[in-house]
Every structure is written in C-alpha cells, then in structure tokens.
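Good morning, and thank you for joining this group meeting. Please look at the sequence and the structure as I bring them up.

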Amino acid sequence: MVFPLWNPKPEKIYYLRGLLLHHCPRLATTAAFQKQSNICNIYPENVRSLCEEGRLNEALRILCDFDHALDCSTYVSLLQGCINNRALPQGKLVHAHIIQMGFGADKFLFNRLVGFYVKCVSLEDARKVFDKMPERDYFSWNAMIAAYTRQGIAREALELFHLMPGEGIQPNQFTFSSILPACSDLASLERIHEKIIKSGIELDMVVESALVDMYAKFGCIESARNLFDKMSHRDDVSWMVMIAGYVQNGWAEEALKLYQVMRLTGLKLNSNTFASILPACAYLGTLEQGIEIHEEIIRSGVESDVYVGSALVDMYAKCGSIKKAREVFDKMPRQDVVSWTAMIAGYAVHGCAEEALILFQEMKDSGVRPNHVTLLCVLSACCHAGLVDEGYKHFNNMRGYYRITPRMEHYRCMVDLLGRAGQLEEAQDFINRMPIEPDAAIWRCLLAACRYHNNIDLGEHVAAQALKLDSQYDTPYVLLSNMYAEAGRWDDLEKVRKLMKDRGIKKTPGRSWIELNKHVHVFYGGDRSHPQTEQIYAKLETLAKQMRAAGHVPHRQFALADVEEEQKEQILCHHSEKLAIAFGLLNTPPGTTILVIKNLRVCGDCHSAIKFTSDISAREIILRDTNRYHHFKNGQCSCGDYW
Ligand code: ZN
Ligand code: ZN
C-alpha cells in the first residue's frame with residue numbers, strides 16, 4: 001500500500017513532538033523523528049505504541065490532527081484499543097478517518113470494523129458496515145452471524161446463514177458452531193444438521209458439542225447421546241453439555257453416571273462441570289453424592305466460584321439440608337442475584353417463610369436487585385405460610401418498585417396463595433382481572449384449592465375452564481374424581497372416568513425414591529419388584545398396627561372409589577412414599593433422618609400416616625413432593641397440615 005506523503009505544518013510537528021515527548025519519551029527522541037522526511041515512516045509506529053501501552057486517547061488525539069491516511073495495521077491497533085476499552089464513539093472516529101482517507105473498499109479494514117462494532121455490541125452499525133462491504137468473506141459473515149446468535153437475534157442469524165451460499169461463500173466449522181444455537185426448534189436444527197453433513201467438512205469438537213447441546217435442548221436426549229458417543233475427541237465442554245442435557249431432560253441418574261465416567265477420563269473438572277452436575281443431585285435429592293461432589297469441588301479449588309456456590313446452595317436445600325445450604329451461602333465470598341435467590345427459594349420450599357423474607361430484605365439492603373425468579377420465590381414463601389397480605393404487598397410492588405412485569409408464574413403463585421388461604425372467590429376474581437390470558441395451570445391451581453376446601457360447585461366450573469385450555473393433563477380429572485368420590489357422587493365420578501378413558505388419559509403413576517449408599521431406590525405404588533419386598537411389606541404391616549393403636553384412622557377417600565373398603569386401606573398402605581419410607585427405616589441406623597422424594601403431591605392419608613410413623617420410629621422424615629418439603633418429627637409436620 002502506498003501512503004500519501006505527509007507534509008505537516010511546522011506547528012503540528014511541534015505539537016506532536018511535545019505530545020510524544022510527554023507521553024512516550026523513548027519514541028519522540030528517536031533520530032528518525034527528528035527528520036521530517038522520514039516522519040511518515042515512524043508516525044504510525046508511534047500511534048501503535050501508544051495503543052499498545054493502553055494510551056488510547058493520546059493515540060486518538062494524534063489521529064484527529066492527522067489528515068492523511070495511516071497504514072492498515074495502525075488503524076487495526078486503534079480499533080483494537082477501542083475494543084479493549086469498549087469505546088464505541090472513539091471507534092466511530094477511527095471509522096470516519098478510514099472512510100475519509102479513501103479506504104472505503106478495503107476488505108481487511110472493513111472486517112475489522114465489523115469485528116469492532118460486534119465487540120462493542122452495536123449490531124446495527126456492524127450490519128451497516130457489513131451491508132456496504134463490496135466484497136464479503138468468511139470472516140465478515142461469521143462475525144455477523146455469531147454476533148446475532150450471541151445477542152439472541154436468531155432470525156437475523158438464520159437469514160444471513162441462508163444467504164451465504166448465494167454469494168458463493170461456503171459455511172465452515174465456525175459458521176456452524178455459531179448458527180446452531182440460533183435454531184429455535186427441532187426442525188430447523190435438523191435442517192442445519194443435514195447441511196453440515198452435506199457440506200462434507202470434517203467436524204471439530206466445537207460443532208459436535210454444539211450439536212449435542214442443541215439436540216438435548218429440544219428433548220432428543222438419545223440423539224444427543226448418540227452424537228456424543230460418536231465423537232472421536234471430547235473436551236470438558238462436550239462432557240458438560242451432555243451432562244447438562246441429561247439434567248435438563250430429567251435424566252438425573254444418567255447425568256450422575258456420566259459424571260462418574262468423566263471423572264475417570266482424567267479431564268480436569270471445572271466450575272462449569274460442577275455447576276451442571278449439582279442440579280442432578282438436587283433433583284434426585286441424593287445428598288450423599290452431593291456431599292461427595294462438594295468435596296471434589298473443594299479439592300479442585302473452585303468453591304469460591306459464584307456459580308458453583310449457588311448450585312451448592314440449591315443442591316443442599318433441595319436435598320433437605322437447609323442448614324448446610326445456609327452455611328455454604330454464608331461462606332461465599334460474593335453472592336449474586338442467583339445465590340440470594342437460591343437461598344430464598346430453599347427457605348420457601350421448606351416452609352421457612354420468615355427466614356425467606358428476612359433474607360429478601362438483606363438482599364435488597366446489600367444492593368443486589370431481585371429478578372423475576374427472586375420475586376417468585378418470595379411469593380411462594382408467602383404462599384406456603386399462608387401470608388396473604390405479605391404476598392399481596394410484594395406482588396403489588398413488582399411493577400412500580402422492583403420494575404418487574406409479573407409473568408404467568410407470579411399470577412399462578414398468587415392464585416395458589418389465595419386458594420390455599422380459602423379465599424376461593426377472591427382467587428377467581430383475581431384470575432378474571434389478570435391482564436394476560438390465564439393458562440390451564442392457573443385454573444388447575446385453583447381447582448386444587450377447591451378440592452382442598454371441598455368446594456365442589458366452584459370446582460366443577462374451574463375444572464371446565466382448565467380442561468378447555470388443556471384436556472390432556474390428568475390432574476383436573478383426578479381432582480374432580482376425588483371430589484365426587486368424597487361427596488359420594490358415583491354417577492358423576494363414572495362420567496369423569498369415562499371421559500378420561502375416551503380421551504386416552506392415564507393417571508401419572510405415583511413414584512417415590514430414596515438414596516441409600518449413593519444408590520437411588522425407586523418405588524411405584526403397590527410395587528413388588530424390589531429385592532427387599534417381603535421385609536418392606538412386613539414393616540408396613542407392623543407400622544399399620546402400631547399406628548392404629550396410636551389412633552390413626554386411614555383416610556379412605558384418598559383411595560380409588562370403586563373398590564371394597566378393606567382393599568382401599570390396602571391400596572393406601574402401599575402408596576409409593578410409604579414403601580420408600582419403610583425401606584429407609586429398614587436400612588438405616590436408628591435416629592438417621594430419612595429423605596424421600598415423590599413425583600406427585602402427597603395425599604392426606606400418607607401425610608397423616610407419616611406423622612405417626614415419625615413418632616413411632618423416633619425418626620425425622622423429610623418428604624419432598626412436587627409442591628414443597630414436609631419435615632415430619634415427633635408426630636408433627638412442618639407444613640402445619642397446610643399444603
Ligand atoms: Zn398417599
Ligand atoms: Zn406436611
């Protein structure tokens with residue numbers, strides 16, 4: 001490239017020299033600088049050196065005084081300086097200089113400009129430069145597509161991606177790895193996957209990991225695992241996306257298995273690995289494995305990582321160990337909104353509303369702004385404790401004070417709060433006044449409250465609303481049948497049964513599990529497949545006798561309606577959580593706390609029976625159902641029979 005000869009006025013030279021002497025004595029005193037004829041050779045070097053030294057503003061001042069073109073690498077240094085400082089206006093100045101000096105057709109510089117605007121997250125400017133480029137190459141296309149994907153502007157990313165071949169540019173590894181996260185559904189993912197295969201390029205780990213990640217995101221966990229297994233090389237990211245994929249799809253046991261395999265590969269476990277595996281322990285309630293991972297975290301020296309800390313808080317809280325969760329939380333060197341929220345959520349599900357609300361206040365006092373999840377946890381804390389006024393206060397503060405627009409889940413939580421407190425009419429009014437269309441889940445929430453408070457008339461109306469929006473979900477049918485059964489309305493019950501049968505709806509089978517020696521034992525209602533079945537049922541028999549002696553009367557209405565009374569009692573006896581608890585009592589030393597997790601809400605009979613069991617066996621029993629944690633101790637439950 002030929003540079004126009006620079007012929008500055010003497011005062012400019014003087015100014016420049018002064019500036020450089022002041023800021024950069026080494027350069028200003030070089031012999032070359034003294035000679036005016038050589039000045040344009042040394043000049044760019046000076047600017048570059050200033051940029052390298054991080055003295056961007058001085059470099060820019062020289063640029064402003066300089067009305068000749070600089071060489072490309074100097075512009076690049078200037079732009080890099082602007083990127084390092086995220087200095088958008090200053091970068092625009094460099095851009096203007098480039099255009100003014102007639103570099104308007106330089107592909108290399110234009111690519112750098114696109115890169116600069118992308119890094120400064122000014123995508124509109126980046127796109128303007130991109131559109132004006134007379135000739136575009138891989139770099140510009142890839143930079144633009146990746147930027148759109150990163151900013152979540154998937155539509156634009158995909159649009160550009162499909163335009164590429166038209167300009168004779170074939171996508172490469174980088175393009176594929178940046179376009180994959182832009183897929184919004186399985187169909188578009190499969191289309192791009194097909195393109196990748198057709199392109200015939202040899203896939204690298206980044207693209208393969210992105211594919212695994214996306215298939216898992218769309219719930220195709222088997223396809224994801226297939227791709228993962230076929231990878232010839234895997235790094236920590238590949239393992240992490242597969243593990244996280246399992247967790248997100250509810251395959252927590254598989255996630256834990258894979259984590260154990262990963263440990264054997266000798267790959268270094270990092271904070272991302274831990275942050276993705278801990279939710280598996282949280283989901284399963286496998287405290288023993290969670291503790292083991294916590295030890296591994298300490299060994300790896302990443303316990304001060306805020307993501308890992310938050311995941312640990314969440315894990316301990318969900319594994320029933322709220323004290324330990326708080327211990328980890330207090331030890332964290334820094335807490336962000338996720339950590340505060342995890343701790344508040346922990347208190348909420350354990351029914352410790354007071355602690356949750358105190359912590360929420362502390363969070364605000366410490367200057368951390370709550371987000372919509374935090375507010376949801378606060379509302380849910382109020383809900384579990386029946387604090388209607390407190391709940392209303394926070395809900396009403398959402399828009400104005402917290403600047404958070406309530407979402408469907410916040411409305412649902414409020415309906416739950418009102419419903420549980422027995423304010424059924426108020427809850428119905430609340431739904432009718434919602435500024436967004438209520439979903440089926442909101443009506444189901446109210447239906448559960450109608451069922452709890454035995455309001456069959458409202459229940460029928462609410463069930464109809466719920467079924468109008470979603471007729472495939474089993475809960476409304478089940479709740480309605482229970483209500484009819486309790487009221488002895490067998491004809492109506494039969495109608496619901498028939499409707500369920502006609503629509504092909506099956507009741508979700510009850511399932512409970514318990515961890516013993518790092519192994520998860522799963523039980524279904526009436527399950528007889530466990531090797532210890534004989535002992536478990538014998539234990540249940542003994543317990544039932546002891547309970548009856550202590551005054552427990554089985555709540556028969558929680559069993560199916562059309563079986564004999566005696567049989568009903570049998571069915572109740574064999575609900576999955578009872579089997580899991582009996583198994584826990586048989587296999588753990590006296591005094592050990594038992595944690596059982598159930599996939600549905602605990603029924604009234606089991607709840608009452610577990611209260612008796614905790615007393616008879618002198619054990620603390622923690623039951624996590626879909627809704628909350630029940631801490632049973634000395635014949636009482638922490639929920640105060642309100643769930
Ligand atoms: Zn039950
Ligand atoms: Zn309870």
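Tyr283, Leu284 and Glu288 supply 42% of what domain 1 buries against domain 2, more than any other three residues.

Before I continue, a word on the source: this is a predicted model, in which local features need pLDDT of at least 70 and side-chain atom pairs count only at pLDDT 80 or more, while totals for chains, interfaces and linings use all residues. Residues are numbered from 1 along each chain as its sequence is written, chains are lettered from A and ligands numbered from 1 in the order in which they are written, and side-chain values use heavy atoms, with hydrogens and water left out.

The domain assignment gives domain 1 as 281-334 and domain 2 as 511-637; such bounds come from an automatic or database assignment. Their centres, taken over C-alpha atoms, are separated by 28 Å. In domain 1, 13 residues are in contact with twelve residues of domain 2, where contact means heavy atoms within 4.5 Å. How many salt bridges are counted between the two domains? The count is one. A salt bridge is a side-chain nitrogen of Lys or Arg within 4 Å of a carboxyl oxygen of Asp or Glu. Glu292 and Lys518 form a salt bridge through their side chains, at 2.4 Å from N to O.

I turn now to the metal. Which residues coordinate the zinc ion (ligand 2)? They are His607 (NE2), His630 (ND1), Cys637 (SG) and Cys639 (SG), at 2.0 to 2.2 Å. Donors are N, O and S atoms within 2.8 Å of the metal (3.2 Å for Na, K and Ca); water is not among the atoms, so sites may look incomplete. The site is tetrahedral, with angles of 100 to 118° among its four donor atoms; four donors count as tetrahedral if all angles lie between 85 and 135 degrees. Along the chain, the donors follow the spacing H-x22-H-x6-C-x1-C.

Note on methods. Four donors count as tetrahedral if all angles lie between 85 and 135 degrees; four count as square planar and six as octahedral if opposite donors are over 155 degrees apart and all others between 65 and 115; anything else is irregular. Buried area is the accessible area (1.4 Å probe) that two parts lose on being put together, summed over both.
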